[in-house]
Amino acid sequence: MCNPSAQPKLRTGTDRCGKMMRKAVLLATVGGLLYSKIELLWRGRTHWTMALLGGLLFVLIGGLNEWLPWGMPLPIQAGLGALIVTAAELLVGLVVNRWLGWDVWDYSNLWGNVLGQICPVYAALWVFLSAAAIVLDDWLRHWLWGEESPHYTLIETKKMRDKKTHIVPSPNK
């Protein structure tokens, strides 16, 4: 008869996957709650779909520098985050506002809007909110799970680019 307590415990991919899922759920909860709070302060109201979307986007945007090199300048990461938010806002807006008719938001009166769901003004605001999300996510990962201490590059210089591509300047320069 097999005694489970006598068997060696093996670390499996499911352990790692479970840890990643718990981390993502906690980060999504933080992001969803914070985005709902921001929306309440900004507009005076929110909707449960915004908490879900805010949580998902917090995980995606916070994960940017998990998938991209740390040396990527923060403004570029924030710009990518804003593109992700704007695309998600369009997709979710088409579903919840246009298809389901829930009227969660309407940018129809704002310049440059697309179907009343996205506009340049909010796309620009998402850059700043994305930068804040990236920094907060990094610090949460550091404080809660002991991940690498956050550090950022604001501007990539020629010297940094040369170092990344291993270009050594000639001694004559």
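Buried means under 20% relative accessible area. Keep that cut-off in mind on this tour of a predicted model.

**Stop 1: Cys119**

Select Cys119. Is this residue buried or exposed? Cys119 has 4% relative accessibility, so it counts as buried.

Now select Cys17. Its relative accessibility is 44%, and Cys17 counts as partly exposed. Do not look for a sulfur bridge here: the whole structure has zero disulfides.

**Stop 2: Gly112**

Move to Gly112. Where does this residue sit? Gly112 lies in the loop that runs between helix H4 (74–99) and helix H5 (120–145). Show what surrounds Gly112. Setting aside neighbours within four places in sequence, Gly112 is in contact with Ile118, Cys119 and Pro120. So Cys119 from the previous stop turns up again, as one of the contacts of Gly112. Gly112 itself has a relative accessible area of 40%, which makes Gly112 partly exposed.

**Stop 3**

Turn to charged side chains. Side chains of opposite charge can pair when their charged atoms come close. How many salt bridges does the structure hold? There are five salt bridges.

Begin with Arg43 and Glu39. Their side chains meet in a salt bridge, at 3.5 Å from N to O. Colour by accessibility next. Glu39 is buried at 7%, whereas Arg43 is partly exposed at 28%.

**Stop 4: Arg141 and Glu66**

Select Arg141, then Glu66. The two form a salt bridge, with their closest N and O atoms 3.8 Å apart. Which of the two is buried, and which is partly exposed? Arg141 is buried, at 10% relative accessibility. Glu66 is partly exposed, with a relative accessible area of 37%.

**Stop 5: the network**

Which residues do salt bridges with shared partners join into one network? Select Lys23, Glu66, Asp137, Arg141 and Glu147 together. Salt bridges that share partners connect these residues into one network.

How values were computed
Residues are numbered from 1 along each chain as its sequence is written. This is a predicted model: local features need pLDDT of at least 70, side-chain atom pairs count only at pLDDT 80 or more; totals for chains, interfaces and linings use all residues. Side-chain values use heavy atoms; hydrogens and water are left out. Helices (H or I, at least four residues) and strands (E, at least two) are DSSP runs, numbered from the N terminus. Buried means under 20% relative accessible area, exposed over 50%, partly exposed in between (1.4 Å probe, protein chains only). Contact means heavy atoms within 4.5 Å. A disulfide is a pair of cysteine sulfur atoms within 2.5 Å. A salt bridge is a side-chain nitrogen of Lys or Arg within 4 Å of a carboxyl oxygen of Asp or Glu.
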